[in-house]
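Hi everyone, thanks for coming.

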Amino acid sequence: MYHGIINIYKEAGYTSHDVVAKLRGILRQKKIGHTGTLDPDAVGVLPVCLGVGTRLCDMLAGETKEYVAELRLGITTDTQDMSGTVLSRKDAVVSKEEAVQAIYSFLGNYEQVPPMYSALKVNGKKLYELARQGKEVERKARSVRIEELEILQMELPVIRFRVVCSKGTYIRTLCDDIGRKLGCGGVMQSLTRTRVGQFPAADALTVSDVERCRDDGSLSRYIIPVDQVFSHLHAVYVKDGYLKLPVNGNRLHAQMIHGDYAYHDSEQVRVYGGQDIFFGIYRYEKEPEMFFPVKMFLSGDEGGK
C-alpha cells in the first residue's frame, strides 16, 4: 500500500470524486481521499492522500489556496459560472478604474454567502441537490479571507486575476459579488487552482501521468512522505527503551526524548523512532514536561513513511 500525498492536477470534466475513484483503480488500494473539491469545469491542484496519509485530509483542506480566475462582466447565472442557466445579460458599462477599485475592495476579510450550487449541507441535504429541484434556501454568510489579489489582464468585459484565499472561499461567488458591486453582474468564466499550501501546479501529475509512472516503476518518486508536510516543525527522536509508547499513541515524558532542545510551551513537534520511523505530531506542555499526541501516522507496514 502507498502512504503519503500525491499532488494531482485535476483536468476539466472530472469531479474530485472521479479522480479518487480512478486512482483507486490505478493504485489498487481503497484508502485514498482528496483534500477539498474542485468544480468539474475547474482545473488544477488537488492533493490526494494515500494510506495513512488520509489522516491528513482534514488538515490539508484548511490550507491557503491560490487560483487564477477569469471574470466575465455583464452576465449572471444560477451556478455563478458559465455552466449554469443565464439569469441576466446587460452591457458592462464599467471603466477600468471602477473595475480595479471593485476587485481590490475584497482584499482582507469579507462575509461571503455560499452558492446554492455547492456541496454544503442544510438540514442534512446538499445545497446543489436542493438547487436542482428548483429550491433555494437561506444561507448564512461565512467569514472568508482574501489574502492576495492581483489583476493579470483586463480586456473588458473579461478580467483575469490571481487570488490567494482562505479555506471555504468560493471564487465563483467572489466573481458574482464583484459583478454585483459594479452593478452589471459577473460570472466566473474559467478557474485554475495553482497552489494548495505547499503543493504547486508545476509539480502536479495528471491521472494519466500516475498510471504511466506506476507502469515504469517511478511513482514512488512523486509520493510525498507524510512527515514532509510538517517539515516546519522541530524533529525529536524517542530513546530506544520507550519506543512502544508512541507505537500505541501514548504520551511521552521529556526525559524519553534524545537531546536537550529548549521547547516552547504548546509547541508541536515531529516524533520519530529508530531508522527515521515517523510516529506522528505531538504537543509539548511545559507543565508537566510531557509530550501529548496530536495526530498519529504510524502504519502497519511502513511506519508512516
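There are 12 salt bridges here, a salt bridge being a side-chain nitrogen of Lys or Arg within 4 Å of a carboxyl oxygen of Asp or Glu. Please keep in mind that this is a predicted model, where local features need pLDDT of at least 70, side-chain atom pairs count only at pLDDT 80 or more, and totals for chains, interfaces and linings use all residues. Residues are numbered from 1 along each chain as its sequence is written, and side-chain values use heavy atoms, leaving out hydrogens and water.

One of the pairs is E285 with R283, at 2.5 Å from N to O. E285 is buried at 17% relative accessibility, while R283 is partly exposed at 29%; buried means under 20% relative accessible area, exposed over 50%, partly exposed in between, with a 1.4 Å probe and protein chains only. E66, E148, E150 and R162 form a salt-bridge network.

R214 also pairs with D215, their closest N and O atoms lying 2.8 Å apart. R214 brings us to helix α6, where it is among the residues meeting α1; helices are DSSP runs of H or I, at least four residues, numbered from the N terminus. Contact here means heavy atoms within 4.5 Å.

So which residues of α6 are buried? They are V207, V210 and C213, and they cover an arc of only 120° around the axis, so they sit on the same side of α6. That arc is taken over the directions from the helix axis to the C-beta atoms. On the face turned away are the exposed S208 and D215.

Notes. Helices (H or I, at least four residues) and strands (E, at least two) are DSSP runs, numbered from the N terminus.
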